[in-house]
Amino acid sequence: MTSLAPDRYFDPDPTVRKLARTLYDSIADLPIISPHGHVDPALLADENATLGSPADLFIIPDHYVFRMLYSQGIALEAVGVKPNDDGWVETDQRKIWQIFADHFYLFRGTPTGAWINEELVTLFDIQQPLNGENAQAIYDQLEEKLAQPAFRPRALFERFNVEVLCTTDAATDTLPHHRKLQASDWQGNIRPTFRPDSVVNLEFDNWHENIDLLSEASGITVHSYTTLIDALQERRSYFKEMGATATDHAALTPFTVSLSPLEAEAIFQRALKGEATPHDTERFTGHMLLQMARMSIEDGLVMQLHPGSFRNHNDALYRRFGRDKGADIPIAVDYTHKLRPLLDLYGNDDRLTLILFTLDETAYGREMAPLAGHYPSLLLGPPWWFYDSLNGMNRYFDLVMETAGIYNTAGFNDDTRAFASIPVRHDLWRRASANWLAGLVARHIVGEEEAHEMARAMAYELPKRAYRLE
Amino acid sequence: MTSLAPDRYFDPDPTVRKLARTLYDSIADLPIISPHGHVDPALLADENATLGSPADLFIIPDHYVFRMLYSQGIALEAVGVKPNDDGWVETDQRKIWQIFADHFYLFRGTPTGAWINEELVTLFDIQQPLNGENAQAIYDQLEEKLAQPAFRPRALFERFNVEVLCTTDAATDTLPHHRKLQASDWQGNIRPTFRPDSVVNLEFDNWHENIDLLSEASGITVHSYTTLIDALQERRSYFKEMGATATDHAALTPFTVSLSPLEAEAIFQRALKGEATPHDTERFTGHMLLQMARMSIEDGLVMQLHPGSFRNHNDALYRRFGRDKGADIPIAVDYTHKLRPLLDLYGNDDRLTLILFTLDETAYGREMAPLAGHYPSLLLGPPWWFYDSLNGMNRYFDLVMETAGIYNTAGFNDDTRAFASIPVRHDLWRRASANWLAGLVARHIVGEEEAHEMARAMAYELPKRAYRLE
Amino acid sequence: MTSLAPDRYFDPDPTVRKLARTLYDSIADLPIISPHGHVDPALLADENATLGSPADLFIIPDHYVFRMLYSQGIALEAVGVKPNDDGWVETDQRKIWQIFADHFYLFRGTPTGAWINEELVTLFDIQQPLNGENAQAIYDQLEEKLAQPAFRPRALFERFNVEVLCTTDAATDTLPHHRKLQASDWQGNIRPTFRPDSVVNLEFDNWHENIDLLSEASGITVHSYTTLIDALQERRSYFKEMGATATDHAALTPFTVSLSPLEAEAIFQRALKGEATPHDTERFTGHMLLQMARMSIEDGLVMQLHPGSFRNHNDALYRRFGRDKGADIPIAVDYTHKLRPLLDLYGNDDRLTLILFTLDETAYGREMAPLAGHYPSLLLGPPWWFYDSLNGMNRYFDLVMETAGIYNTAGFNDDTRAFASIPVRHDLWRRASANWLAGLVARHIVGEEEAHEMARAMAYELPKRAYRLE
């Protein structure tokens with residue numbers, strides 16, 4: 001048994017809470033559809049893989065966690081994050097864990113704190129809240145559990161009742177882990193997702209090397225815009241063969257533009273010579289989004305767009321520690337103007353499914369719900385990143401659903417690299433949506449039977465349909 | 001009797017709900033003031049006019065409805081929306097109704113769904129929720145009712161207890177229906193509203209033809225900026241004679257600017273030759289808003305400004321089906337800078353009433369409430385378009401009222417072309433405001449007696465005062 | 001006894017209300033930390049100072065109050081606000097009070113209305129709600145109280161249980177009142193705050209005169225950028241000596257930029273000649289913010305940044321009545337890009353504490369919480385100005401805390417010039433935060449013990465720590 005309240009996250013009002021509980025109970029045990037995330041496929045490809053130490057599991061790779069510690073003056077090195085120079089880094093896992101436990105109070109009221117707490121209880125049966133004093137005792141318990149076969153990723157995958165898990169993989173990736181998974185007799189449904197940012201964004205780290213990797217992976221020497229298109233097409237087709245049903249695209253903004261082949265080629269040649277300007281980069285990225293939409297219409301891969309993150313905002317940290325160190329900061333985003341060239345060309349084509357995300361919640365009601373409530377090709381993805389939280393979900397429901405309806409959304413995805421956190425994240429979504437629907441029933445806006453159908457759709461059917469996983 | 005819950009839309013908390021019910025009961029039967037909307041005056045000018053078929057009433061003219069169907073892959077032609085070429089369009093009203101009923105679940109949790117449902121119950125006494133199976137049976141019931149004299153628009157107008165209804169009419173309109181209404185002995189109070197977009201916005205569809213129509217209607221040949229001003233002045237005076245108390249203006253942004261007569265004339269001449277640039281258009285529209293404010297001070301017509309909609313976002317659809325096809329998408333709007341030239345000239349003049357609307361809710365608390373809470377000329381209109389909903393109203397109350405107070409707002413207007421939906425829309429506002437006030441009482445922020453006065457003001461007195469309908 | 005409801009502002013839900021009450025009771029009597037505000041130090045420096053007439057206390061100096069009256073057509077002169085020409089101004093305090101009372105209903109549901117009401121009850125024991133009829137009787141009661149020694153500012157300071165109060169003082173201020181306070185044997189802890197806007201913002205009213213005042217105050221003749229820096233450094237050190245622990249900076253935007261000394265000097269010389277362009281002004285202000293951050297690292301003064309107010313939006317009013325007349329209107333603000341040059345240089349330095357404020361709530365979740373949840377130097381200030389209200393606080397909690405956690409915030413500050421309103425403002429924050437925490441407990445997001453620690457931190461410990469007042 002656990003110390004978690006069975007009614008957690010539900011509205012305190014007894015009428016709403018009771019309805020929420022009933023709705024939640026009907027969907028709590030549905031299989032997990034995880035159509036977008038960043039779990040390392042190696043974890044599942046190797047049947048003997050483990051989750052590592054408690055610090056490996058909860059702290060070192062999780063930029064949600066160490067950004068908060070860093071914001072309060074704790075050096076990244078002190079919690080095991082390696083600098084790219086020869087500088088010191090803490091390697092004593094117990095010391096890292098102790099620092100984390102000493103500062104776990106910083107996460108009060110945050111989703112990160114709630115998830116970690118729930119994982120400790122539901123997965124590891126830890127009954128006391130973590131703090132500096134019980135840190136080492138809890139470390140012992142965790143270590144003991146993590147060494148058991150039942151805590152290997154494949155065992156957990158089954159215990160979690162994951163029906164399908166999609167990873168995110170560079171366009172240059174040869175997908176060795178996915179090949180291994182396909183070759184094995186393990187039944188887990190793991191699929192890659194095609195992410196070409198590192199070759200279509202001319203400013204990406206090591207772009208030239210990535211182009212070389214793309215040539216290698218595709219067997220097509222990429223020396224021109226035309227060969228780039230060919231190579232991407234080839235790689236998409238390989239990903240599709242390997243089970244992919246979707247692509248994923250990050251971009252600073254959702255700017256799209258249709259370049260003439262001549263202009264696209266000229267920019268690409270400048271990029272090869274290292275002479276691309278920021279203006280070139282913006283236009284080329286915007287043009288490649290169009291190309292990706294076109295290819296999606298042809299090959300049926302669902303397209304995801306994640307704009308609006310100013311990556312690596314902290315330059316000194318980026319130079320010393322690299323990407324994904326908790327310093328990606330959102331910006332305001334204009335979807336109405338910037339996405340229009342793409343929608344002009346492909347928005348009315350229902351062979352295209354384009355799933356839109358945002359880090360600018362002001363766009364939910366103002367732009368995204370009206371767009372998704374009109375264009376046949378558009379669906380809205382769930383609250384993303386900083387908004388993957390109880391309040392984030394509540395705002396999403398209130399701002400999106402009245403205009404777009406739930407059937408223009410893509411249900412939930414966990415978007416996580418923390419494999420062990422997948423169930424608690426889906427559980428939060430299921431609770432939040434049950435609670436939202438309970439509020440609609442209590443206000444007589446939908447009937448109870450309808451609410452049950454909507455709850456099931458939001459938990460299970462919508463993501464399956466949106467990502468063509470049926 | 002109906003199957004609608006008497007406490008619909010109220011907070012589930014028993015204390016709030018009880019207070020909300022009491023407040024609502026005291027205003028539920030007040031006459032309806034409808035100072036801004038898009039009802040066709042012909043419906044009321046002709047005593048024998050009818051609401052048409054069930055599909056005419058609920059589907060074919062309502063872009064809220066067919067945009068949602070379109071977003072899920074249903075062709076506009078299939079629900080009776082005519083393309084402007086010779087293409088096929090469904091004309092079988094029962095088939096259109098069936099498609100709608102089959103997909104009515106898409107509207108779950110949306111205000112459109114709620115309004116239609118309430119109309120079916122309260123107006124037509126339909127007791128089962130509409131779905132694909134009962135579609136034809138319900139069609140029969142509706143058809144039978146719609147053929148009765150009690151369902152003619154004038155009869156409904158009286159049944160709805162509408163004290164005054166203002167239509168929206170192009171500046172070039174000769175108001176034949178309003179003339180006919182004035183000449184008749186029917187007592188309904190129907191007034192026109194002066195809307196000059198089609199002649200002051202140089203980019204409007206058929207601008208040249210509209211200028212010709214303006215010349216004709218005003219008896220002043222519009223061949224220059226000066227004659228344009230004269231013609232508009234003449235038309236305003238005619239509208240006022242015909243009962244208008246207000247003007248209405250759409251604009252992409254609230255940009256205002258004061259041009260010299262020379263520059264205004266130069267732009268107008270370029271426009272006549274078809275040589276106006278987008279920059280010209282923006283400046284001319286911004287300048288004409290100033291002129292309209294000046295004329296309002298002179299003739300006392302209340303000025304309404306509805307900025308922030310990117311009209312006809314879907315170009316292919318626009319070319320084939322024309323305006324108002326569910327593809328108008330909001331944009332972010334800056335009121336603080338853009339409205340300043342107008343406010344500099346006229347903002348301190350309390351002869352001017354300028355009612356501001358927005359599709360960018362971020363402006364409510366940041367810009368609009370502070371502006372309306374300072375300038376004597378400004379009032380805030382109610383939540384508009386996508387925000388004319390329970391959540392939209394709740395956000396409006398929370399974001400506007402603490403800074404502007406309710407007395408710098410203009411109460412509610414339904415802004416609808418769907419005549420039969422007027423009562424349910426006002427009912428939602430009355431319920432939402434009663435519920436909001438109940439929350440203030442329950443939190444001891446206002447007293448119960450004050451709340452009753454505020455409820456009455458929001459439902460009835462504020463719009464009457466704001467639109468000078470007293 | 002008073003007629004105020006003991007549970008005011010709490011959620012109506014009985015579970016939440018009971019928890020909120022318990023949490024509130026545990027912090028209600030904590031001393032007040034007021035680390036940022038605009039109280040005139042003369043009020044406390046002179047032991048015989050009084051709060052003046054009821055109109056002086058509640059109306060004439062309070063632009064929150066008279067902006068609302070003005071928005072409804074009441075001339076500023078009529079409520080005692082002096083124009084800077086020889087024009088008439090009402091001087092009869094009772095007439096001013098009567099106008100205010102006649103229109104007090106305008107403040108229904110506003111924080112200004114609630115504060116005034118609470119002050120009347122808690123401070124002056126007025127038992128009836130103010131209105132036009134009882135206006136003069138209440139004036140009598142107030143006048144009688146205000147004449148008593150117990151209503152002198154120093155007596156109230158003690159009655160209010162203020163542990164420390166920081167004023168805001170121009171960089172050119174010689175701090176005579178603070179000197180007098182230090183020399184006196186009164187124990188009240190009053191500290192100045194260094195605000196250099198009037199000399200670093202080249203567009204500030206009377207900038208040249210301010211530079212002269214700076215020369216005088218610092219003993220350093222400011223004839224160049226270098227001497228400006230020297231003079232500011234000298235003045236900071238004097239403020240610090242006089243007890244200051246912080247600086248404060250207003251700016252239209254949070255734009256920062258690092259200029260070469262050469263460019264900074266060139267701009268400064270142009271400014272001295274009255275030839276600075278708006279572009280110069282923007283760059284110089286942005287550069288001076290960097291310099292202030294640098295000096296903060298050196299001298300340890302906490303830096304506050306209040307951007308996003310378009311000051312003196314109503315030009316005619318500004319010319320006739322001057323600054324701070326209720327016509328400052330917020331604008332949208334981009335922190336992510338604009339603050340980056342400062343953060344690049346100093347954001348990782350934990351000797352710096354930079355407390356950020358906003359009038360654009362869209363930045364809370366999108367930019368400010370992610371920034372504060374990463375950079376060691378950043379903390380977030382409480383809801384400011386129009387958002388210093390129940391709804392403003394609720395939105396702040398919901399939008400900021402999940403990402404930044406409470407420990408990256410600076411607790412509350414009242415930011416008021418209305419000395420007598422300090423306790424009711426802090427009381428609102430304490431009630432709002434208790435209520436928010438009660439909601440977290442009721443939803444099982446934090447435990448009750450944790451909530452008590454968080455409540456105490458938010459009411460007392462966080463501002464003390466943030467402003468280095470420990």
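1. Interfaces of chains B and C. Only 5% of the interface residues of chain B are also interface residues in chain C, so the copies meet through different surfaces. Two residues count as in contact if their C-beta atoms, placed from the backbone, lie within 7 Å.

2. Basis of the note. This is a predicted model, in which local features need pLDDT of at least 70, side-chain atom pairs count only at pLDDT 80 or more, and totals for chains, interfaces and linings use all residues. Residues are numbered from 1 along each chain as its sequence is written, while chains are lettered from A and ligands numbered from 1 in the order in which they are written.

3. Symmetry. Chain B is superposed on chain C by a rotation of 120 degrees with 0.0 Å of shift along its axis, and the RMSD is 0.0 Å. The two copies are thus related as by a three-fold rotation axis. In chain B, the residue that comes closest to the rotation axis is D13(B), at 3.6 Å (C-alpha).

4. Contact of chains C and A. Chain C puts 37 residues into this contact and chain A puts in 39 residues. On the side of chain C, the elements that give two or more residues are α1 (14-27), α17 (340-346), α18 (362-372), α19 (390-404), α20 (422-442) and α21 (448-466). Of these, α18(C) gives the most, with seven residues. Helices here are DSSP runs (H or I, at least four residues), numbered from the N terminus. By class, this side of chain C has 14 nonpolar, 12 polar and 11 charged residues. Ala, Val, Leu, Ile, Met, Phe, Trp, Tyr, Cys and Pro count as nonpolar, Asp, Glu, Lys and Arg as charged, and the others, Gly among them, as polar.

5. Domains of chain A. Chain A is divided into domain 1 (14-49 + 152-466) and domain 2 (51-151), with bounds from an automatic or database domain assignment. Their centres, taken over C-alpha atoms, are 28 Å apart. In the contact between them, 18 residues of domain 1 meet 22 residues of domain 2. On the domain 1 side, α8 (153-159), α15 (315-321) and α20 (422-442) of chain A give two or more residues, and α8(A) gives the most, with three residues. That side has seven nonpolar, four polar and seven charged residues.

6. One loop residue. G274(C) lies in the loop between α13 (261-272) and α14 (278-299) of chain C.

Notes:
Copies are superposed by least squares on the C-alpha atoms of residues with pLDDT of at least 70 in both.
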